[in-house]
Amino acid sequence: MRKKIIVANWKMNKTIQEAVSFANEMNKHSNFRCDVALCAPFTALSELRKSLDKRFHVGAQNIHYEESGAFTGEVSALMIKEFCRHVIVGHSERRQLFKEDDLTINRKARTALKHGIIPVVCVGETLQERESGRTNEVVQKQIKEGLKDVDIGQVIIAYEPVWAIGTGKNATPAQAEEVHAFIRRIICSEKTRILYGGYVKPENAGSLLKQKNIDGALVGGASLDVKNFIGICQNA
Ligand code: PGA
């Protein structure tokens, strides 16, 4: 059976001090039955790893696909591997705002794995793509190209419908499960965990996580408040 995992995506939020106080609150809880990972800004990774109990994981939200070189402002897998077990790759905000394509995402995922970091590879359709009946086609292309030559058993996939991210609209458990089951069929792996992301909060986490192919959640907004985040972990 796949163990559930709840992954926080803090995005561009939290100072080092705020990250450390979040960790101190998390450390008081030892009753979660799921894995937990906190994907923090680069600046907080080192202190977060020091403060957070070792039963919880730390992750990054992006990496460059090269190991070093003239890439002003970028951070490589080599620089974060001592703190991070996970890295989010191909989040829709990276795809839309920073023009990342499936080829770039593929290179990042492969670099992460090379350095022993588990990529959490995000896929998902826009509202327009859903409304024109193209959800499966879009997701299949993102998986096929983004995970080309990648050992599927070594990664985590996050299905995040773009229309549900930070919008207050979440996919119903049935809508999400339909896409998760489709992803399960195309990856042909019972081992790979497939997370749902898009307005997950304590109130809806239970019903989403009960679905057969939903193996956890990637949580944005609700992961910023430690009580909400703990609520989601308890519902897993
Ligand atoms: P949200 O974000 O939970 O705020 O919708 C999810 C994400 O962007 O990963």
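# Notebook: helix packing, barrel and rings

**Entry 1: α7 and α8.** I began with helix α7 (residues 135-146) and helix α8 (residues 173-187), which pack at an angle of about 40° with axes 11 Å apart. Angles under 35 degrees would count as roughly parallel, so α7 comes out oblique to α8. I noted that the model I am reading is predicted. Next I looked up the handedness: α7 passes α8 in a right-handed crossing.

Which residues of α7 and α8 meet? On the α7 side I listed T135, N136, V139, Q140 and I143. On the α8 side I listed V179, F182, I183, I186 and I187. I then sorted the contact of α7 with α8 by class: seven residues are nonpolar, three are polar and none is charged.

**Entry 2: α5 and α7.** I stayed with α7 and turned to helix α5 (residues 102-114). The two helices pack at about 45°, and their axes lie 8 Å apart. α5 and α7 are therefore oblique to each other. I found the crossing of α5 over α7 to be right-handed.

From α5, the contact takes in D102, I105, N106 and A109. From α7 come K141, Q142, E145 and G146. How do the residues of the contact of α5 with α7 divide? I wrote down two nonpolar, three polar and three charged.

**Entry 3: α1 and α10.** Here I looked at helix α1 (residues 16-26) and helix α10 (residues 226-235). Their axes are 10 Å apart, and the packing angle is about 40°. That value makes α1 oblique to α10. The handedness of this crossing is right-handed.

F22, E25 and M26 of α1 meet V226, F229 and I230 of α10. In the contact of α1 with α10, five residues are nonpolar, none is polar and one is charged.

**Entry 4: the barrel.** I moved on to the strands. How many strands close into the barrel, and in what order? I counted eight, in the order β1-β2-β3-β4-β5-β6-β7-β8, with parallel pairing. I reminded myself that strands of a sheet pair through backbone hydrogen bonds, either parallel or antiparallel. In this sheet, neighbouring strands are turned by 25° against each other on average, direction ignored.

Strand β7 (residues 193-197) runs parallel to strand β8 (residues 216-219), and two bridges join them. For G197, I looked up the bridge partner in β8 and found L218.

α10 turned up again here. This helix packs on the sheet and touches β1 (5-9), β2 (35-39) and β8. The direction of α10 makes about 160° with that of β1.

**Entry 5: aromatic rings.** I looked for ring pairs, and the count comes to four aromatic pairs. One of them I checked in detail: F32 with F56. The ring centres of F32 and F56 are 6.0 Å apart, with 45° between the planes. This pair is tilted.

Where do F32 and F56 sit in the chain? F32 is in the loop between α1 and β2. F56 is in the loop between α2 (42-51) and β3 (57-60). The two are 24 residues apart, and I noted that the pair links distant parts of the chain.

Definitions and conventions. Residues are numbered from 1 along each chain as its sequence is written. This is a predicted model: local features need pLDDT of at least 70, side-chain atom pairs count only at pLDDT 80 or more; totals for chains, interfaces and linings use all residues. Side-chain values use heavy atoms; hydrogens and water are left out. Axes are lines fitted to C-alpha atoms, for helices over the stretch in contact, and angles run from 0 to 180 degrees between N-to-C directions. Helices (H or I, at least four residues) and strands (E, at least two) are DSSP runs, numbered from the N terminus. Angles under 35 degrees count as roughly parallel, over 145 as roughly antiparallel, 65 to 115 as roughly perpendicular and the rest as oblique. A crossing is left-handed if the near helix is turned anticlockwise from the far one by less than a right angle, and right-handed if clockwise. Contact means heavy atoms within 4.5 Å. Ala, Val, Leu, Ile, Met, Phe, Trp, Tyr, Cys and Pro count as nonpolar, Asp, Glu, Lys and Arg as charged, and the others, Gly among them, as polar. Two strands pair if DSSP finds at least two bridges between them. Rings of Phe, Tyr and Trp (its six-membered ring) pair if their centres lie within 6.5 Å; planes under 30 degrees apart count as stacked, over 60 as edge-to-face and the rest as tilted.
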